[in-house]
Amino acid sequence: MAQLPELVDRVERLLVRHDELARTNALLLDQLKSLSEERDSLRSRLAAARQRIDVLLQRLPVEGEGPLA
């Protein structure tokens, strides 16, 4: 019968560990969501910056043309 209290103790420890892991998992999922949103925002800003640079490059005079040629 000494095995039953040991088994109960192990099960209780496993339940505590399970709760800890569930909380950690929830925190990690929140962090993943936040980082994914930040990544998407940065990608959008990068695309907008590239578009602005492309517009500026198109406005540059071609060599041999323009007022300084």
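Helices (H or I, at least four residues) and strands (E, at least two) are DSSP runs, numbered from the N terminus. With that in hand, let us walk through this structure. It is a predicted model, in which local features need pLDDT of at least 70, side-chain atom pairs count only at pLDDT 80 or more, and totals for chains, interfaces and linings use all residues. Residues are numbered from 1 along each chain as its sequence is written, and side-chain values use heavy atoms, with hydrogens and water left out.

Start with the overall picture. The secondary structure of the protein amounts to one helix and zero strands. The radius of gyration is 30 Å, well over the 11 Å that the globule rule gives for 69 residues, so the protein is more spread out than a compact globule. Here the radius of gyration is taken over C-alpha atoms, and the globule rule is 2.2 Å times the number of residues to the power 0.38. Along the principal axes, the C-alpha atoms fill a box of roughly 100 × 15 × 10 Å.

You can follow this spread along the chain too. Ser44 lies in helix H1, and its C-alpha atom is separated by 30 Å from that of Thr24, 20 residues apart along the chain. Arg39 lies in helix H1 as well; between the C-alpha atoms of Arg39 and Val62, 23 residues apart along the chain, the separation is 36 Å.

Now for the surface. Buried means under 20% relative accessible area, exposed over 50%, and partly exposed in between (1.4 Å probe, protein chains only). What share of the 69 residues counts as buried? The figure is 0%. The protein exposes about 6900 Å², and carbon and sulfur atoms supply 59% of that area. Such areas come from the Shrake-Rupley method with a 1.4 Å probe, and for residues only the protein chains shown count as cover.

Which residues form a nonpolar patch on the surface? They are Leu4, Leu7, Val8, Val11 and Leu15, with about 440 Å² of accessible area together. Patches are made of residues with over 30% relative accessible area and no salt bridge; like charges are joined within 9 Å, and nonpolar side chains (Val, Leu, Ile, Met, Phe, Trp, Tyr) within 5 Å. Leu7 sits in helix H1, which covers residues 3–59. At a relative accessible area of 49%, Leu7 is partly exposed.

Charges come next. There are 11 positive and 12 negative side chains, and the centres of the two sets lie 3 Å apart. Lys and Arg count as positive and Asp and Glu as negative, while His and the chain ends are not counted. The place of a charge is NZ of Lys, CZ of Arg, CG of Asp or CD of Glu.

Some of these charges pair up. A salt bridge is a side-chain nitrogen of Lys or Arg within 4 Å of a carboxyl oxygen of Asp or Glu, and the count comes to three. Asp9 meets Arg13 at 3.2 Å, N to O; both lie in helix H1, four residues apart, about one turn of the helix. Asp9 is partly exposed at 37%. Arg17 and Glu20 meet at 3.4 Å, N to O, and these two are three residues apart in helix H1, again about one turn. Arg17 is partly exposed at 46%, and Glu20 is partly exposed at 33%. Finally, Asp40 meets Arg39 at 2.9 Å, N to O. Asp40 has a relative accessible area of 39% and is partly exposed; Arg39 is partly exposed, with 39%.
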